[in-house]
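Open the structure in your viewer and keep the selection tool at hand. The stops below say what to select and what is there.

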Amino acid sequence: RESDHRAWTPVTCTVTRQNATVQGLTEGKAYFFRIAAENIIGMGPFTETTKEIVIKDPITVPDRPEDLEVKAVTKNSVTLTWNPPKYNGGSDITMYVLESRLIGKEKFHRVTKEKMLDRKYTVEGLKEGDTYEYRVSACNIVGQGKPSFCTKPITCKDEIAPPTLDLDFRDKLIVRVGEAFSLTGRYSGKPAPKVTWLKDDNVVKEDDRTKIKTTPTTLCLGILKSVREDSGKYCVTVENSTGSRKGFCQVNVVDRPSPPVGPVIFDEVHKDHMVVSWKPPLDDGGSEITNYIIEKKDAHKDLWMPVTSATVKTTCKIPKLLEGREYQIRIYAENLYGISDPLISDEMKAKDRFRVPDAPEQPIIKNVTKDSAVVVWNKPYDGGKPITNYIVEKKETMATRWVKVTKDPIFPSTQFKVPDLLEGCEYEFRVSAENEIGVGDPSPPSKPVFARDPIAKPGPPVNPEAVDKTRNSVDLTWQPPRRDGNGKIIGYLVEYQKVGDEEWKKANLAADSCPETKYKVTGLTEGLTYKFRVKAVNAAGESEPAYVPDPVEVKDRLEPPELILDANMAREQHVKAGDTLRLSAVIKGVPFPKVTWKKEDHEVSPKADIEVTGVGSKLEIRNTVHEDGGIYSLTVENPAGSKTVSVKVVVLDKPGPPRNLQISEVRSDSCYLTWMEPEDDGGSVITNYVVERKDVASAQWVAISSSSKKRSHLAKYLIEGTQYLFRVAAENQFGRGPYVETIKPIKAIDPLHPPGPPKNLHHVDVDKTEVSLAWNRPDRDGGAEITGYLVEYQEDGADEWTKFQTVPMLDCVVTGL
């Protein structure tokens with residue numbers, strides 16, 4: 001029975017042993033037990049337990065503690081932690097005993113003197129370099145339990161670990177203006193790392209909006225009510241003596257854009273529309289501008305009217321204006337996050353067309369020095385508004401960016417001395433004109449000029465040579481010097497020297513008497529040999545001389561003819577019919593050769609104008625026709641030899657008529673035309689053929705194809721029974737040639753063919769001199785009604801068939817057999 005109850009409860013009545021197990025008891029309750037013996041006569045008296053028994057498990061020492069771990073090691077301390085035993089022996093743990101053993105010694109020594117219930121302990125006062133192993137035991141009211149498993153041997157030394165960094169944020173973060181954001185993560189390392197936050201390489205400092213929180217294992221940077229300036233590249237650095245780790249995040253704080261940048265420029269003003277332009281916002285809000293919203297307003301009304309809300313260009317045409325009215329334009333920029341405040345223009349009256357000035361012509365550069373140059377230009381058309389300023393720009397030839405040469409206005413002068421050039425650099429210049437509408441397009445760039453003083457003497461002439469001679473003269477030529485000393489070449493001085501003499505004589509006294517790169521030295525003595533040299537002269541003086549390589553003996557010379565062909569004497573020359581044919585060539589030879597022009601080895605046409613000069617010859621035929629084409633040859637001849645060149649001339653004209661026009665496959669609604677290309681394509685590729693048809697009863701030709709490149713055509717949509725004529729012409733890029741026409745009309749009817757054979761021929765009756773036959777109609781009638789059937793017979797063994805008669809029906813009696 002329970003101790004607080006009076007009633008006894010039987011447990012069992014069949015026990016023959018002197019012991020029994022009582023089950024079904026409640027842990028923690030107190031019970032009394034009694035027992036009686038029984039025999040066949042009856043039950044004896046009960047014997048009762050003297051005191052109550054509390055039901056609980058038997059108490060033993062605790063199990064061994066679990067998960068003994070080393071948490072930290074320094075040169076003079078070790079920190080350990082452990083977990084309680086799985087079973088406390090039935091009684092609460094009263095304390096833990098931690099023991100250590102110096103490696104090399106046999107016994108464990110107790111570390112903790114006092115009573116310890118914490119499951120973490122730091123052993124201090126150790127000697128650096130010593131190695132220990134540790135174990136821990138649990139104690140309860142009964143006593144001390146088994147020790148835990150030993151730790152691995154632990155050597156006392158400072159523990160180091162490189163930093164680790166585990167971030168909660170990605171590489172990029174987009175935040176709306178006014179919202180808060182935070183960058184968080186976890187880190188570790190031994191010794192404890194230092195945490196540093198940077199934004200765009202600058203250290204982040206805490207303020208009212210910026211908060212930095214760092215714990216031994218976590219890090220956090222938080223920003224309240226973000227603004228656009230919070231955008232940037234954030235970097236967190238975790239660093240200790242063993243190394244460092246970094247994490248990055250590109251934060252973009254986005255907002256609606258700032259207004260477009262003004263002023264609104266009226267590029268064009270017309271009586272019914274204007275063209276305006278503006279500059280993009282200085283701040284796009286961190287997101288690409290998706291479009292601009294443009295509105296217009298009559299200056300005397302309060303109503304803004306939409307123009308467009310779907311343009312990404314910074315220019316817009318404002319349509320549907322009333323002449324003479326003044327208008328204002330306002331422009332909003334829009335991105336994914338909203339619409340900016342507006343940019344509002346000045347008032348502008350819609351009136352007749354004004355525009356920015358035209359581009360000036362290519363400027364001329366004069367008076368170049370090592371650090372300046374004068375740019376000269378002509379005034380362009382002012383666009384209807386007076387020009388108020390010219391803008392002169394320069395750039396180095398190899399650069400791409402143009403730079404204004406002055407911020408001051410240049411007007412009304414049309415030239416400007418550009419200062420501050422770098423000596424030796426090559427420059428180009430261009431000019432733009434400006435009126436009240438705006439700045440016009442720039443002129444084409446000037447020719448490049450080098451910034452250097454134009455006072456140097458020129459270089460020597462290049463490649464002087466003797467090109468002709470007679471018994472008392474020598475013709476010299478040369479090329480200009482490679483360096484003109486930045487000054488115009490005034491002319492050349494030519495000098496000669498008889499071989500063996502020391503003195504050079506002047507062939508011309510002044511340089512300006514020989515401005516070209518050739519000179520004829522006269523007054524020489526026949527049979528003598530001379531040397532020649534040439535000097536170039538500019539304002540700075542004479543150049544070094546350039547010598548003709550070899551001495552020249554003065555005597556008449558004989559040179560075979562030479563032809564230098566002009567471009568129009570290439571192997572093939574094309575000329576359009578009606579245009580002028582010109583063939584020309586430069587002719588050389590001593591004495592000057594005789595000139596002969598021929599066409600296909602015959603005299604050229606009398607309509608050809610032939611001109612012969614002392615340096616060449618020219619053939620010209622005006623109003624060319626196709627027959628003027630052919631092979632033209634030019635022969636030049638003198639006592640030293642002859643030379644002939646020829647050129648094929650093609651006179652480009654309309655093609656000739658196509659050939660061999662044939663009609664086939666005539667049907668009731670179509671026929672098939674084929675033809676061959678013209679014998680003469682006019683010197684140009686046939687681009688297409690034109691096909692026409694005509695009802696013989698009509699005077700009008702009707703085109704049925706005008707773009708076919710094939711030499712055939714299916715003529716459709718004919719009217720059955722109608723007679724047609726067809727004609728075809730060829731076209732090339734020079735026009736349409738003559739037509740070729742069908743000789744006789746074509747009637748649109750389906751073709752007739754013989755019918756198919758009758759089917760199922762068999763005899764119906766036989767007599768001694770006659771046979772009755774029957775058959776079925778053939779499968780095809782050949783396009784016309786069947787008019788009759790021809791019956792023939794043949795004697796067995798004979799070769800020939802005998803005609804009997806033609807009958808209209810599907811049966812016949814053959815008699816006379």
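Start with Val61, which counts as partly exposed because its relative accessibility is 33%. This model is predicted. Val61 sits in the loop that runs between strand E4 (53–54) and strand E5 (66–73).

**Into the largest core**

Next, select Leu583, Trp597, Leu619, Tyr632, Leu634 and Val649. They belong to the largest nonpolar core, which has 20 residues, and they are the ones that touch the most other members. Which elements give two or more residues to this core? They are strand E51 (581–590), strand E52 (594–599), strand E55 (616–621), strand E56 (630–638) and strand E57 (641–652).

Leaving out residues up to four places away in sequence, Trp597 touches Met569, Leu583, Val604, Ile610, Ser617, Lys618, Leu619, Ser633 and Leu634. Another core, of 19 residues, lies apart from the largest one. To find this other core, select some of its members, including Val368, Ala373, Tyr390 and Ala451.

Is Asp298 buried or exposed? With 8% relative accessibility, Asp298 counts as buried, because the cut-off for buried is under 20%. Asp298 is part of strand E24 (residues 291–298). Its contacts, not counting residues up to four places away in sequence, are Arg325, Glu326 and Tyr327.

Move on to Asp669, in the loop between strand E58 (659–664) and strand E59 (671–676). Asp669 has a relative accessible area of 41%, so it is partly exposed. Beyond its neighbours within four places in sequence, Asp669 is in contact with Ala715, Lys716, Tyr717 and Leu718. For a distance exercise, pick the C-alpha atoms of Asp669 and Val625: they are 43 Å apart, while the two residues are 44 residues apart along the chain.

**The cysteines**

A disulfide is a covalent bond between the sulfur atoms of two cysteines. How many disulfides does the structure hold? The count is zero. Cys156 is buried, because its relative accessible area is 1%. End the tour at Cys812, which counts as buried at 7% relative accessibility.

Definitions and conventions
Residues are numbered from 1 along each chain as its sequence is written. This is a predicted model: local features need pLDDT of at least 70, side-chain atom pairs count only at pLDDT 80 or more; totals for chains, interfaces and linings use all residues. Side-chain values use heavy atoms; hydrogens and water are left out. A nonpolar core is a set of buried Ala, Val, Leu, Ile, Met, Phe, Trp, Tyr and Cys residues joined through side-chain atoms within 4.5 Å. Buried means under 20% relative accessible area, exposed over 50%, partly exposed in between (1.4 Å probe, protein chains only). Helices (H or I, at least four residues) and strands (E, at least two) are DSSP runs, numbered from the N terminus. Contact means heavy atoms within 4.5 Å. A disulfide is a pair of cysteine sulfur atoms within 2.5 Å.
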